[in-house]
Each structure stands twice: as structure tokens, then as C-alpha cells.
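Today I'm looking up a few spots in one protein model and jotting down what I find.

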Amino acid sequence: MSDPDLRGALVLAEYAPGEAAVLSDAERWPTLDAAGSARLNHWREHPDAPHWTHATGDRLTAEQVQRVRHPLSTDDWLTDHLAAARRTLRYRGMPSDSTLDDFPTISRADLVDDLAAFVPLDADLSRMLHGTSSGSTGAALLIPDDVEEVARGFHLLVALAASAGATVTSDGERMAVANLVFQRQAFTYVSVISSFAHRAMARLNLHPTSWSGLDARSRFLTEADPQILSGHPTSLAELLDAGLDSVLHPAVIFSGAMALSAGLRARLEAAFECPVIDVYGLHETRPIAARSDDGPFRVLDRRVHVEVWDPRREVALPPGAMGEIVVTAGENPLLPLVRYRTGDYGRLVHLDGGAVGIADLEGRENTRFRAGDGTLVPCVELTQHLQAHGAQGWSIDQDAAGRVHAVIVGGDEPGIRSALHALLGVELDLQQVERLIELGEGKPRRYRSAVAD
């Protein structure tokens, strides 16, 4: 975009450097030593660094540094969690002996309407950070995050990496983790992890607008060479599309926030020769489940309880039934959620060893398409065939007349065309593009149908 007036019209103040008041380094990292400070300044002032827009730290005291290295105990956690929920205004009238079965479901709209009603009256607000969650509905939230819970999230990644056979170490000067996004404007910062020997981490925007040039981006990533790469499918695909797999050597890759297709997983595994772990969760609930292959997601062994409910009624469904995923989440003491409707859909299954899994996970949309013979086809059936034919992302839209417009990223175009015709039997307009970003920013799987369901 060459017109400076048009460029200015897209500027968002919240992404401008120094837009918000900030703490001193001593407040951000109370245990920061000389080596950590030097490490931080090296990346802040690196000649090829991106345009840092923010400064943030974990704010951990020495005592907290020790605690966050270990997961919270799950012994009888649900009893304590429900007691914490009853100390909120939302549930102030519930009897002290109420169980999970006595709680109704809640939704994001409830949080948007009165978030404070879900914060315990005795919560330690001195430990509060705030994080933003835009949500798929556009109803933005400021989430009260707990400093220890946020810091503990890094060690969850290390543990998940170890479970997949990958080792992440605090030896050496490689960055510990880089959280990657790919969008015109984004929060970017460099920080150090107090509970990981003050090793560096960063939130990086791979979009060209965040760098002085693509060569600078490549040089910076070459030197940083993070052990953990974390991002959503669009940003992870950009690593491959831009050839950055030649300069990066991660021990593990985490994908989240959006659905990771089997085709993109295969590309990432082949290019980086490391485990690719798909994490399912929401900012409100924290990580819920994960998988390192294309099978069901395994519900994590942490303070999380998963149910499946009828999306239109207050009725829980039995294991194996497809419905809306409802989560009771107890990792964040500032937001003890009980039976939170995620807006995502799947079914519960039993895995080896007695673990609970989530199969056929479809994010946000349980869309059904009307086939030419009048039958309704659930979007999971389309997903299965799109995956089978190698598509890495897609947008499928059915208009009120029944016509289907589909955009796919990669994959076997003739095979996908045949499969969609066989499934739907309606007029089909199919376009194939090369990159996920060509679907637009947001979730790289999209289903919409304007026909009556």
C-alpha cells in the first residue's frame, strides 16, 4: 500500500510503542540478574530486531519462581474450585454443599455482560495481569490473568515437549520460545523467563510490516533460533512459505488458537523434523487438551473437566455424542469458570490408559450443509475429506440458494472437487490458493451456510 493517507487509516493506537504506561525492569522481573539483563538488552537492541511495540515481564518473586516450575495439584481440585466459584457474585446464592451437577452452563456472553461477577470476592488482585481476548464473535474481553498461572504455562509446554520426546533446556543462549503471529499489526515484545534461568522469549510478528526488511527478519531468526516455536496455522505456514525452515531448528512446535490441518502438520514435521503438538484451549479456560498426531485430543492432566452438552438446551450428552464442548477450568484462581460453553464442538471418547479424549473437534462452527437431495451434511464430514485430500485450510460457504463456494489451500484439487460433489451434489465453485493467509486473517477453517437448518 503506497498511499500514506490510506496506511494511516489502518493504524491502531494500541499497537503503537509506548501507548500504555509501563513498569520498570526491576518491577517486571524482580529476580533479574546481570546476565539476564544483558541478555534482555541484547535482543531489545539487536540491529535486526522487529519493531517492538510493548514491554512486559513475568513479575515473579523468588518464591513464585520456585512454585511455577511445578504443576498445580489435581487432588480433590474440583471441590475447592466449586467453593471458589461460590465466593463470586455470580453464584453467591448457591448452597455450600452444591456439586457440579447443580451448576448451569455459562457462555462468553455472560462474561462480556459482567466479568467482575465471576472473580472471587477474596481474590488476590495484586497478582493480576490483564490479557485481551477478541473471540470469534467480536465480543472482546479483558481477562484477569494470574501471574503464576501465566508463568506456569511455559513449563506446561516443556512438559508436553518431553512427553513427545523433545528436550528443551536452559543451557546456551538460544531463545527459549518464540510466539509467532502473522498480521498487519500485532503486539510484539521481548522478555526473559525468570523460572527458566532468565532465558529469552519473544512475541514476533512475521508480517513484513514488522521488520526493516525480510533479510533482517531472516538474520534475527537465525541468531535467535528458538527451541520452541508457538503459533497458529497461519503464522506457522508462513515459516514454510517464506523459506524460514532453513534457518530454524526447533525442538518442538506448538500450534493453537485455530484448527491445524493434517496436511500442514505433515509439512511442518517434514521441514523441521520435530514433534508438532496441537493444543486446544481458550484464553478463558487455558489449555484443555493436546495431540501430537491426527487422532483425538487428549484432555490434559490438570485442573480441567470436560463435558459435551446439547448446543441448544441445558442437557448434558453421553460419551460419544456430538455436541458443544463445556469446560470447568480451575487453573486461573482469578476466573474460576464452571461449565463454560466454548462454542466448539466434538465428542468425548475413552483413550488407552483411562484418559479422556475429544474426537472430531470442530472449532466454533457446528455448521450443516444442505445437500442436493435435501439431507443435512455436518461439517465434520467435509473436514474428513478435505483432510484426506491434503488441504491445509479452507473456507466453505453455502448461499441461500444452496450453491457452494469453496476456497482451499493446497491439496488435491480434483480429488476435493469430486469429494464435495459426492457429499453435497450441488452447484460448486471451487478455488485453490497457495497460502493460508490468502483466506484472510482468522481461523483457517471456516464453514458458513445460509440455507435453513
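**Entry 1, the pocket.** I kept in mind that this is a predicted model. I picked the second largest pocket, and its volume came out at about 590 Å³. I counted 25 residues in the lining, and L156, L160, S163, L300 and D301 lie nearest the centre. Then I checked which elements give two or more residues to that lining: α7 (147–163), β9 (286–291) and β10 (297–299). The top contributor is α7, with six residues. By type, I got 12 nonpolar, five polar and eight charged residues in the lining.

Next I went to strand β17, residues 393–398, and found five of its six residues buried. Its partner is β18 (residues 404–409); the two run antiparallel and six bridges join them. I noted I396 standing opposite A406 of β18. Five residues sit between the two strands of this hairpin, and G402 in the turn has a positive phi of about 100 degrees.

E273 has a phi near 55 degrees, and it lies in the loop between α10 (262–272) and β8 (276–282). R339 isn't a glycine either, yet its phi is positive at about 50 degrees; this one lies in strand β13, residues 337–350.

Which of them is buried and which exposed? E273 has 73% relative accessibility, so I put it down as exposed.

How values were computed
Residues are numbered from 1 along each chain as its sequence is written. This is a predicted model: local features need pLDDT of at least 70, side-chain atom pairs count only at pLDDT 80 or more; totals for chains, interfaces and linings use all residues. Side-chain values use heavy atoms; hydrogens and water are left out. On a 1 Å grid over the protein atoms alone, a cavity is a set of points where a 1.4 Å probe fits but cannot get out, and a pocket is an open set with protein on both sides within 12 Å along at least five of seven lines; lining residues have an atom within 4 Å of a point. Grid points are joined across faces, edges and corners, and a volume is the space filled by probe spheres set on the points. Helices (H or I, at least four residues) and strands (E, at least two) are DSSP runs, numbered from the N terminus. Ala, Val, Leu, Ile, Met, Phe, Trp, Tyr, Cys and Pro count as nonpolar, Asp, Glu, Lys and Arg as charged, and the others, Gly among them, as polar. Buried means under 20% relative accessible area, exposed over 50%, partly exposed in between (1.4 Å probe, protein chains only). Two strands pair if DSSP finds at least two bridges between them.
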